[in-house]
Amino acid sequence: MSSERVAVVGCGQTHHRKVRDDLSMAGLLREAAERALADAQMDWKDVDAVVIGKAPDPFEGIMMPEIYLADALGCAGKPIMRVHTAGSVGGSTAVVATHLVSSGVRERVLTIGFEKQSEGDTTWGLGGGRSGSVGAGGYFAPHMRAYIDRSGAPDYIGPAVAVKDRRNALKNPYAHLKLENLTIETVMESPYVWEPVRRLESCPTSDGAAAMVLTNEKGATEGAAWVHGTAIRSELGQFPGRDPVNPRGGRDCAADVYSQAGITDPFNEVDVAEIYVPFSWYEPMWLENLGFAAEGDGWKLVEKGVTDITGELPINVSGGVLSSNPIGASGMLRFLEVALQVRGLAGEHQIDGARTGVGHAYGGASQFFAMWVVRNEKP
Amino acid sequence: MSEFTLEFPYRRSLGPVVGGFFTGLRDGKVLASRTKDGRVLCPPLEYDPETGVAVEPDLIEISGEGVVELATYVEQPMRKHPLSEPFTWALVKLDGADTALLHAARGCVAKGDRVKISWRSERTGNITDIECFDRV
Amino acid sequence: MSEPVRFVSQKVDLDYKVVTSPVARRFDEQMRAGRITGHKCPECGLVYVPPKGFCPIDCVITDESNEVEVRDAGTLTSFTVITPIQYQGQEEKEEYVLANILLDGASGTIGQQRVEGIPHSEVRMGMRVKAVWGGDPNEGSRGWGLTGAIKHWEPSGEPDEPKEKYQEHVL
């Protein structure tokens with residue numbers, strides 16, 4: 001895909017919380033960025049360009065935060081740009097940063113995704129300020145119901161994903177939700193918010209940021225993760241025949257990124273994946289959409305424990321979006337977590353010997369998709 | 001044609017530097033931050049815009065009086081402007097600071113004029129605790 | 001000295017005037033007269049309700065000459081029961097059903113439509129529903145647009161449609 005090889009040499013994230021009331025918005029980005037720079041053994045002056053991403057402005061009510069953040073991100077005399085693709089933005093931001101390096105335009109790029117959800121109200125923002133906004137969950141709930149109806153999945157599959165991801169989060173010091181002793185029963189007893197989705201099957205609202213430092217081969221350090229493919233797809237939000245359960249954009253995005261990375265059998269060739277699951281049922285849905293399972297079979301992988309941290313295809317071992325959801329960072333966290341995995345730096349949630357990782361994000365009305373494949377070896 | 005008003009009370013987390021500045025305003029004091037190389041920033045920034053390095057952790061108090069660096073006169077204020085009578089948007093470099101603060105000055109002021117803060121009597125910890133600047 | 005200031009409230013308050021497009025205005029007029037209309041794409045034949053004024057698949061402009069009327073009845077293809085989140089400005093307090101409905105004669109669904117007149121636990125995919133119109137078109141008390149003119153949808157009493165009729169119409 002590229003003339004220059006791209007290495008992930010620095011990864012940093014905040015401790016995600018409901019409210020990071022100890023930090024300004026700039027301070028939130030800095031916490032992640034300084035950890036990424038430290039990991040990369042770099043300083044602010046070493047960065048050539050900064051690419052940031054966050055969800056739409058009404059969520060926090062700061063118009064064009066990139067203007068106010070340029071100072072805080074050491075951008076004097078350097079390019080800074082912002083990427084917008086709704087919930088998938090953290091992923092597409094990392095892809096844009098990758099392309100700045102792969103194209104040979106920049107050598108060392110800092111990329112940051114962030115959200116300070118505590119400053120506003122996302123449901124309000126999604127409704128354009130009017131009464132009756134149902135939020136993302138209310139929009140996606142009929143799609144999940146359609147998946148359940150179509151696949152014949154048993155009702156405990158969604159709750160099982162919710163339990164798995166929250167157990168994984170207990171191993172991740174940065175994760176927001178720390179729910180001890182969660183069981184399928186306790187999830188099923190929690191109230192419906194957007195039936196068929198229960199409260200404990202939904203993502204939290206979080207303050208947090210994720211940052212990565214990307215370099216070309218010349219700037220790469222020992223133990224970097226290498227980018228083997230990037231892909232972005234989008235599709236119209238609504239037209240007759242569009243299938244939000246298994247969207248064409250997601251399938252095409254996966255096919256493209258696998259082809260770049262030389263992956264023909266994703267289930268067997270991928271060691272670990274972080275996929276964007278803000279509501280529990282999206283794990284089986286995306287397992288099918290991304291080619292890890294045949295259509296209608298995604299839920300069977302969940303049922304058999306294949307996607308557990310000890311399973312054959314561990315999914316969201318960081319705890320995923322279900323455990324931490326700073327929206328603009330959520331996609332980048334998926335990309336970052338698989339980079340950590342192939343670098344062997346994921347700590348307690350490390351998958352032994354992970355060599356190939358897939359990061360995935362989606363956004364809008366299930367219409368924006370971004371993915372990357374990283375490995376511990378050069379392409 | 002349809003009309004509607006979009007309205008929402010956002011809640012900003014200020015962090016230690018801006019929070020300190022606003023606490024000072026509430027208490028009727030102007031606080032500034034210092035960069036590693038000793039420049040004094042007011043309004044205080046958290047990070048040196050030249051280098052990206054964090055400022056010194058402690059804020060210092062500076063004067064509530066200073067010099068207008070740039071000005072633009074508003075003859076007919078709009079509904080949401082800070083003053084209802086004609087005023088000037090002024091960049092004011094307070095004595096002791098190396099950077100300037102944007103605020104409203106009563107009436108018509110010009111570059112080079114000395115101005116001082118007119119404090120509100122009821123202060124809440126916000127930039128609006130400074131009602132405006134007045135010519136000295 | 002009291003506590004340090006850690007937060008500040010910032011109220012956003014913006015006044016908007018939104019100009020209605022000719023396509024939406026024509027649709028609204030028809031709705032006020034009790035007719036649900038769409039545009040049929042001259043290339044692919046898909047019927048868009050409400051009309052967009054173009055077919056996004058074929059990239060062709062559509063207008064009144066492509067207008068078709070669809071029935072004010074259809075099939076519920078999927079739904080959710082909403083527990084409204086209480087943000088500032090939210091007027092909904094009680095649980096309610098929102099459904100995607102494939103109107104008879106339309107190619108795609110209308111989304112987030114209220115369904116009433118049936119216990120929430122009995123709402124089901126494939127259920128046939130009909131419109132309950134609000135206001136009086138002659139007195140001018142009927143609201144604008146789909147959700148203004150139609151108060152809600154209710155079961156029509158017709159037999160449910162089989163899976164193959166609704167399954168490919170989530171949207």
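Modeller: Helices are DSSP runs of H or I with at least four residues, and strands are runs of E with at least two, both numbered from the N terminus. Residues are numbered from 1 along each chain as its sequence is written, while chains are lettered from A and ligands numbered from 1 in the order in which they are written. This is a predicted model, in which local features need pLDDT of at least 70 and side-chain atom pairs count only at pLDDT 80 or more, whereas totals for chains, interfaces and linings use all residues.

Colleague: Which pattern does chain B follow along the sequence?

Modeller: Chain B contains one helix and nine strands. Read along the sequence, these give β-α-β-β-β-β-β-β-β-β.

Colleague: What percentage of chain B counts as buried?

Modeller: The C-alpha trace of chain B spans about 50 × 35 × 30 Å along its principal axes. A residue is buried if 20 or more other C-beta atoms, placed from the backbone, lie within 10 Å of its own, exposed if 12 or fewer, and partly exposed in between. Of the 136 residues in chain B, the buried share is 35%.

Colleague: Which element supplies the largest share of the side of chain B that touches chain C?

Modeller: Two residues are in contact if their C-beta atoms, placed from the backbone, lie within 7 Å. The contact takes 21 residues from chain B and 19 residues from chain C. On the chain B side, strand S1 (2-13) and helix H1 (15-26) each supply at least two residues. The largest share, 12 residues, comes from S1(B).

Colleague: How many bridges join S1(B) to strand S1 of chain C?

Modeller: Strands pair if DSSP finds at least two bridges between them. Ser2(B) stands opposite Val18(C) in S1(C). S1(B) and S1(C), residues 7-18, run antiparallel, and the number of bridges joining them is 12.

Colleague: Is H1(A) parallel, perpendicular or oblique to H2(A)?

Modeller: Axes are lines fitted to C-alpha atoms, for helices over the stretch in contact, with angles from 0 to 180 degrees between N-to-C directions. The axes of H1 (residues 25-39) and H2 (residues 65-72) of chain A come within 10 Å and cross at roughly 55 degrees. Angles under 35 degrees count as roughly parallel, over 145 as roughly antiparallel, 65 to 115 as roughly perpendicular and the rest as oblique. H1(A) is therefore, relative to H2(A), oblique.

Colleague: Which residues of H2(A) make the contact with H1(A)?

Modeller: From H1(A), the contact uses Met25(A), Ala26(A), Leu29(A) and Arg30(A). The partners in H2(A) are Pro65(A), Leu69(A) and Ala72(A).
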